Amino acid sequence: MKAYIGLDGEARLFRPEKNMQRLASYSKWTRTIQKFDQDVLLTLIKRLILVDKRWIPTKPGYSLYIRPTIIGTRSSLGVRHSDTATLFVILSPTGPYFKNGLHPISLLAVSNTVRAWPGGTGSHKLGLNYAPAFMPQIDAASKGYDQILWLLETDCQNGENGKELRITEVGAMNVFVVVKRDDTHLDLITPPLDGTILPGVTRASTLALADAHTSGNVTLPGVPSALKIYTHEQPLTMSQLSSLHSEGKIVEFFGVGTAAIIAPVDRIGWNGGDLLFTQESKDGLGLIGRGVFELITSIQTGRTKFEDWSVSCE
C-alpha cells in the first residue's frame, strides 16, 4: 500500500484495513503466523510512517510505498511450513509506475504458461506467484509488448464441449473492460475472484466507485451523472473479447493495481495479430478510466471525502 501527504499536510493511507485483512488471510493460508492483531499492526505502521514522514514525496503521482512482509524463520531447512516467522514493514519513496509517465501499454496474450491456476496460490499475494512471470515477460518484451495478458485454459462453461481461454490478469494487475450497451449505458467487466485472481484493493475500489456513480452517491470526474455504469464480476474469454472488439463495443481496456492505479491498454497481441483499442487521449485514459483514476487519487490525498477510505496517520 502507499502513504500520501494530504492538503492538510497529514500523512494518509488508502483503505489500510483492507491490506491488513488480506495480509492476515495470507499468513493463515501459509501457516507462518497463526494470528496477529491487525489493529496493532496498523497502529505500528502509522507510527513508522510518522517517523519517516519527511520521506513522503509531495509531487503528483509520487508516494511512499509500504510493504508489510512475513517471512518464515524456521531454524532448519526443509520442505514444510515454518513454525516461526518474522513480520516486518519496509518503506520506499516511489514515483509514477511508468518511467515516462502515464501512457497506454501493450499486452501479449499468453496461454502456454500460466501465472496462477485453480487450487493454487493466485488469490494470495505471495512471492512465489511472481516467478512464473519472469520468462514470459522477457519474451513479450522481445516481441515489442509491455506486459502479459494472462490466459487460463478451462472447460467451456456454456454447456459446449471443448476448451476456452479465460482472461485472468494483466501482468500483476487486475483486468477491467468497458463495453457499450444497447441502451447507451456501459458495462464494466472484471474476472471474478475464483481463486486465480488477486483480490486487489484498487480492483474493489474501482467496482465500488462505479456502483456509487450509478446510484448517485458520487460522480466520477468528467463522467455524465446520467451515464450508468453496470459492474459485473464474471468470466471473460479471449474469444468473447475478440467478438466484442470486432463489433466495436469495447470502449476501454485497462489494468488496475496499487502501483499504477490505472494502466490503459492500446493493443493486445493475439493469434499473430493485434487487437487495437481507440485512444481518446495521449495518456490513453478513456472516460471511465480517467474518472476512476482522478477520483481515487483525490481520495488518497484527502482532497475528496468518500466514506472512510482515506485514513490519517496523525
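Predicted model: local features only at pLDDT ≥ 70, side-chain atom pairs only at ≥ 80, totals over all residues.
The protein comprises six helices and 14 strands. Its radius of gyration is 20 Å, close to the 20 Å that the globule rule gives for 314 residues, so the protein is as compact as a globular protein of that length. Along the principal axes, the C-alpha atoms occupy a box of roughly 55 × 50 × 35 Å.

Helix 2, which spans residues 38-51, was examined in detail. With 14 residues at 1.5 Å a residue, helix 2 should span 20 Å, and this agrees with the distance between its end C-alpha atoms, which are 20 Å apart. Within helix 2, the residues Leu 41, Leu 42, Ile 45 and Ile 49 are buried; they cover an arc of only 100° around the axis, which means that they are on the same side of helix 2. The face turned away from this buried side carries Asp 39, Leu 44, Arg 47 and Val 51, which are exposed. The packing partners of the buried residues of helix 2 are drawn from both kinds of element, namely strand 1 (2-5), strand 2 (11-14), strand 3 (63-72) and strand 4 (85-94), together with helix 1 (16-30). At the N-terminal end, helix 2 is capped by Asp 37, a side-chain oxygen of which lies 3.0 Å from the backbone nitrogen of Asp 39.

The structure holds zero disulfides. Cys 156 counts as buried because its relative accessibility is 18%, under the cut-off of 20%, and Cys 313 is likewise buried, with a relative accessible area of 5%.

Two residues were noted for their backbone angles. Most residues other than glycine have a negative phi. Asn 271, although not a glycine, has a positive phi of about 55°; this residue is found in the loop between strand 12 (261-270) and strand 13 (273-276), and at 65% relative accessibility Asn 271 counts as exposed. Glu 307 is also not a glycine and has a positive phi of about 50°. The loop that holds Glu 307 runs between helix 6 (287-300) and strand 14 (310-312), and Glu 307 counts as exposed because its relative accessibility is 65%, over the cut-off of 50%.

How values were computed:
Residues numbered from 1 in each chain as written. Heavy atoms only, no water. Helix = DSSP H or I, 4+ residues; strand = E, 2+ residues; numbered from the N terminus. Expected span 1.5 Å × (residues − 1). Buried < 20%, exposed > 50% of the residue type's maximum accessible area, 1.4 Å probe, protein only. Arc of directions from axis to C-beta. Contact = heavy atoms within 4.5 Å. Polar contact = N/O pair within 3.5 Å; in protein donor to acceptor, adjacent residues only side chain to side chain. Disulfide = S-S within 2.5 Å. Rg over C-alpha atoms; globule rule 2.2 N^0.38 Å.
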